[in-house]
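Hi everyone, thanks for coming.

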Amino acid sequence: MADRSSSRSALGALTGGLVRAPELRTDDGRSASRLELFFDLAFVLVVAELAIDFRSDVTWRGELVFAGLFTTVWWAWVSSTLYANRFDHDDVVYRLLKLGSMAAVVGMAATATEATGTYFGVFVGCQLALRATLLLQYLRAHRHVPGARPIARLYMIGTAVGALLWTVSLAVPRPIGFALWAAAVLVEALVPLLATRSSADVPLHVEHLPERFALFVILVLGESVAGVAHGLHAAHWTGSGLLVAALGFVLAVALWWSYFDLAGARAKQLLSEVGGERSDHSHDVYVFGQLPLTLALATIGAGLELAVVQSGEGEVPVGTRLVLAGGVVVYLLSVTFTEVGMSKKGARRGLWWPVVAAAVAAVDIALELPAAVVVGGLAAVVVAVVVVGLVERSTGRLAVEEV
């Protein structure tokens, strides 16, 4: 009996550092883990593949398919991030489940360009694998963190219902299947809203959260930089292609600057003012405001590559130019409405910027401007946003916190 007891003790000592119970993460000074950064690499692949598919069909239908698939991918990333924000404890079980999720995302990347066609079933299977690993994670949290059980239960129910809808989509005609995809995401997206209104004291970590979303912004901004490089190569360094590429790079830089020194930094400041003792509606506004913002940035990235390639070949179609202008307009609107929703005041002056960007598109439709003029005009608008914002920041009119 003593030998058996000592064997159990030895096994516990061996696994004690590798397998640990989840716990609520409320420690200060927390940043993204190396595993989270590795996990994000798979999403880089998915966004790139979705952009490739979109560039082959720059129509209203193509934009809707791109936006719909991007939303399912974005929500998969957010779901994983919200769990890690509260319960990331980095034991071997957590790592294996996270890496299993990453493998499913790699599968999504391999099917993204045919997710609505040939690889419909495989794409759904990858989405189901993501939900299975997430459900297992919340089951662990529910078992080991008593105070988090009401919240964990909500996420378990939402994830299970979402998985059921994804499964049923395999057995119905495609249009209905796509509607079930949307319903699955909507059901799951209700859970954070319900969690905010719950009496359970299971807050989001307000230092970790903006860093994670900033990393996703970097991920989609990378599509713009890659688009400029790939487009310039495909345009064979022609004069017109080089000009549009240079202006597109300025646009990408200005978007980066506007987010990290202004929009993202302002949102982080507002999150800090709310605090993290309990989840607040500002957390919801921040999280869901990131969807149109990152979708707009991904759209701009896809459009930039097309604009550079097509300018090198001759005329750039109006559809490509509208993709770029529309992306900038939606980005600026997202920034403004997110700040308004979080602060409940001010920032409405920011509505002038998307109006100016929309004016560039309107003039283009009326006069059919060259691509260089459109890209240059949009870059000028975002540069102006940066300059005005930096002046407001330096004079104290805009309070921000470094992302």
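Counting salt bridges, taken as a side-chain nitrogen of Lys or Arg within 4 Å of a carboxyl oxygen of Asp or Glu, we get 11 here. A word on the source: this is a predicted model, where local features need pLDDT of at least 70, side-chain atom pairs count only at pLDDT 80 or more, and totals for chains, interfaces and linings use all residues. Residues are numbered from 1 along each chain as its sequence is written, and side-chain values use heavy atoms, with hydrogens and water left out.

Which residues are linked in a network of salt bridges? They are Glu36, Asp40 and Arg212. Between Asp40 and Arg212, the closest N and O atoms are 2.8 Å apart. Asp40 sits in helix α2 and Arg212 in helix α8, so this pair ties together parts 172 residues apart in sequence; helices here are DSSP runs (H or I, at least four residues), numbered from the N terminus. For Glu36 and Arg212, the closest N and O atoms are 3.2 Å apart. That pair also links distant parts of the chain, 176 residues apart.

Buried means under 20% relative accessible area, exposed over 50%, and partly exposed in between, with a 1.4 Å probe and protein chains only.

Another salt bridge joins Arg140 and Asp91, with 3.1 Å between the closest N and O atoms. Both Arg140 and Asp91 are buried.

Finally, helix α3 is mostly covered, with 22 of its 28 residues buried. Thanks, all!

Technical notes
Helices (H or I, at least four residues) and strands (E, at least two) are DSSP runs, numbered from the N terminus.
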